[in-house]
Amino acid sequence: MTADTAMPMLNPAGHRGLHHEEPLLFELSQAGTAGTDWAEPAQAGQGDALGGLMRQDAIGLPELSEPQVVRHFTRLSQQNYAIDSGILPLGSCTMKYNPRLNEKLARLPGLAEIHPLQPLSTVPGALKLIENLADWLVRLTGMDAVAMTPAAGAHGEMCGMMLIKAALQDQEGGAQRQRVLVPESAHGTNPATAAALGFKVQAIPSNGRGRTDLAAFRAALGSDVAAVMLTNPNTCGLFEDEILEIAAGIHGVGGYFYGDGANFNAIVGRVKPAELGLDCMHINLHKTFSTPHGGGGPGSGPVVMNARLAPYAPIPFLQHQQGKTRWMEQDASGKSIGRLRAFHGQFATFVRAYAYMLSLGADGLQQASADAVLNANYLLARLQDALTPAYSAPCMHEALFSDKFLDGTGLTTLDYAKGMIDAGYHPMTMYFPLVVHGALLFEPTETESKATLDEFVEALKILADIAKKDPSRLQQAPLYAPRRRLDETQAARSPRLVWTT
Ligand SMILES: *Cc1c(COP(=O)(O)O)cnc(C)c1O
């Protein structure tokens with residue numbers, strides 16, 4: 001395909017960060033170029049302070065001027081698609097805009113420069129901040145206690161399931177409870193967590209409405225069931241509307257109800273998970289409360305829990321005694337699951353989450369969840385004719401489509417996603433959840449304006465049109481990304497990590 005027939009710029013508002021190539025500094029190097037003017041070094045033997053060890057051959061560093069270096073790194077910083085440059089519609093991730101205020105506060109020297117080994121008596125303000133944040137989390141979820149140390153959602157799941165395991169082992173016959181029920185739409189970390197703790201995972205199918213099949217769930221119940229792990233809203237972006245029946249079912253057989261709260265942002269300030277019957281739940285501060293994530297961290301996955309599980313909470317934990325709050329570094333009851341990580345948690349993330357809560361206030365948090373749901377439903381409504389909604393009902397915070405609209409074109413969800421790169425957009429989450437064929441999962445978050453969503457929708461509609469009329473254009477996309485289609489398997493199996501000439 002030549003440039004003449006290449007896909008036009010679909011959307012001037014789209015981002016082109018992935019569209020340019022930037023050579024390495026070594027490749028830009030030109031012999032004799034320098035950013036500074038060094039005095040000629042003394043020759044060996046003439047006042048050589050290095051005792052004859054002076055380098056004889058070239059040092060092997062690239063030779064460049066200062067502007068070349070500055071431009072190189074500036075271009076590299078732009079060779080990225082980030083929330084700061086455009087909408088990041090990844091579903092199941094909640095890639096929110098992170099208010100600059102959070103960043104400013106997290107960088108205050110009094111907070112940023114605390115050393116983890118500093119005596120606790122020297123950091124009462126930091127401890128108060130963690131306590132206040134913990135208080136918000138307990139209030140927003142209606143739970144009794146919270147473990148602040150888990151370092152991510154998956155770590156929080158591990159913490160929560162360890163609490164459940166410890167509680168069961170404390171009960172007569174509890175250790176025989178080996179089965180954990182996990183809906184098949186669950187995030188992969190749910191079954192992985194249960195399996196890692198030695199439980200047997202049993203998948204529960206979804207029904208035609210994208211929710212957990214209540215009849216199948218009930219059929220799976222038994223006295224050997226330890227827990228059910230449920231995400232609500234679930235990964236199809238739908239509220240589990242039979243959650244009270246699920247809670248009654250699991251409690252009826254003496255099991256525990258674990259809640260995956262990664263999607264809490266859709267219901268913050270509207271529903272208290274404790275009132276839905278959950279015994280404990282992890283919260284992804286980095287998804288719901290706006291702290292940056294991606295590239296492996298930093299994250300933070302506090303676990304809220306009810307009074308039944310609180311005695312097993314990991315150390316360190318906060319204890320209120322005689323009007324004073326103390327950090328308990330030792331487990332006095334002998335029931336704690338122990339220490340999950342060093343120190344008191346992901347502190348800089350706590351600062352950001354707390355700043356976010358204080359700047360929005362209780363009413364602002366409520367509005368954020370409403371706007372997140374409104375934005376997702378706006379996308380769903382505006383795209384329902386161009387793409388194929390996976391379910392007919394309104395959604396929560398993310399809009400899910402199947403690949404049915406590509407039937408007869410020979411194209412896959414991947415081809416459509418590659419077309420989005422040419423249009424200047426980061427693709428949505430694809431092929432997840434697994435219960436929907438060729439899934440396309442969009443989460444706009446509450447932070448995107450109607451104008452941004454409208455531009456995004458127009459680009460997606462044009463792409464859907466191109467898919468029908470000229471599918472070969474999408475088969476070859478991305479045309480404008482320097483790497484075109486990657487052999488992803490090869491890249492993962494044999495990465496080239498060292499630069500060679
Ligand atoms: C993101 C996510 C997790 C895991 O959280 P991490 O912080 O990435 O470990 C678990 N469940 C669901 C539904 C998620 O979206």
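This is a predicted model: local features need pLDDT of at least 70, side-chain atom pairs count only at pLDDT 80 or more; totals for chains, interfaces and linings use all residues.
Local features are reported only at pLDDT of at least 70 and side-chain atom pairs only at pLDDT 80 or more, while totals for chains, interfaces and linings use all residues. Residues are numbered from 1 along each chain as its sequence is written, and side-chain values use heavy atoms, with hydrogens and water left out.

The protein has 15 helices and 13 strands; these are DSSP runs numbered from the N terminus, with helices being H or I of at least four residues and strands E of at least two. Its C-alpha trace spans about 80 × 70 × 45 Å along the principal axes. Of the 501 residues, 49% are buried, where buried means under 20% relative accessible area, exposed means over 50% and partly exposed lies in between, with a 1.4 Å probe and protein chains only. The accessible surface is about 23,800 Å², and carbon and sulfur atoms hold 56% of this surface. Such areas come from the Shrake-Rupley method with a 1.4 Å probe, and for residues only the protein chains shown count as cover. Among contacts (heavy atoms within 4.5 Å) with a separation of 6 or more, 71% are between residues 24 or more positions apart.

An open sheet of 7 strands runs in the order β1-β7-β6-β5-β4-β2-β3, and its pairing is mixed. The edges are β1 (145–147) and β3 (200–204); each has a single partner strand, so one side of each is left without a neighbour in the sheet. On average, neighbouring strands of this sheet are turned by 25° against each other, direction ignored. Pairing here requires that DSSP finds at least two bridges between two strands. Strands of a sheet pair through backbone hydrogen bonds, either parallel or antiparallel. A parallel case is β4 (residues 225–231) with β5 (residues 256–261), joined by 5 bridges; A227 has Y256 in β5 as its bridge partner. Helix α5 (residues 124–141) lies across β1, β6 (280–283) and β7 (303–305), at about 125° to β1. Axes are lines fitted to C-alpha atoms, for helices over the stretch in contact, and the angles run from 0 to 180 degrees between N-to-C directions.

The ligand is surrounded by 13 residues, the closest being G153, A154, D260, H286 and K287; a residue belongs to this surrounding if one of its heavy atoms lies within 4 Å. A polar side-chain atom of H286 is 2.7 Å from a ligand oxygen, a polar backbone atom of A154 is 2.8 Å from one, and a backbone N or O atom of S92 is 3.1 Å from one. The protein covers 86% of the 380 Å² of accessible area that the ligand has on its own. The elements giving two or more residues to the shell are α6 (153–169) and α10 (285–288), and α6 supplies the largest share with 3 residues.

Strand β10 (residues 388–389) pairs antiparallel with β11 over 2 bridges, and T388 is partnered by S402. Another antiparallel pairing, of 3 bridges, joins β11 to β13 (residues 440–442), where L400 stands opposite L441.

Two loop residues complete the picture. S336 lies in the loop between β9 (324–328) and α11 (347–383), and its 14% relative accessibility makes it count as buried. Beyond its neighbours within four places in sequence, S336 contacts P311, Y312, A313, P314, I315 and D331. A polar atom of the S336 side chain lies 2.8 Å from the backbone oxygen of A313.

D224 sits in the loop between α8 (214–220) and β4 and is partly exposed, with a relative accessible area of 31%. Not counting residues up to four places away in sequence, D224 touches Q176, R177, Q178 and R179. The side chains of D224 and R179 are joined by a polar contact of 2.7 Å. A polar contact is a pair of N or O atoms within 3.5 Å; within protein, one must be able to donate a hydrogen and the other to accept it, and residues adjacent in sequence count only if both atoms are side-chain atoms.
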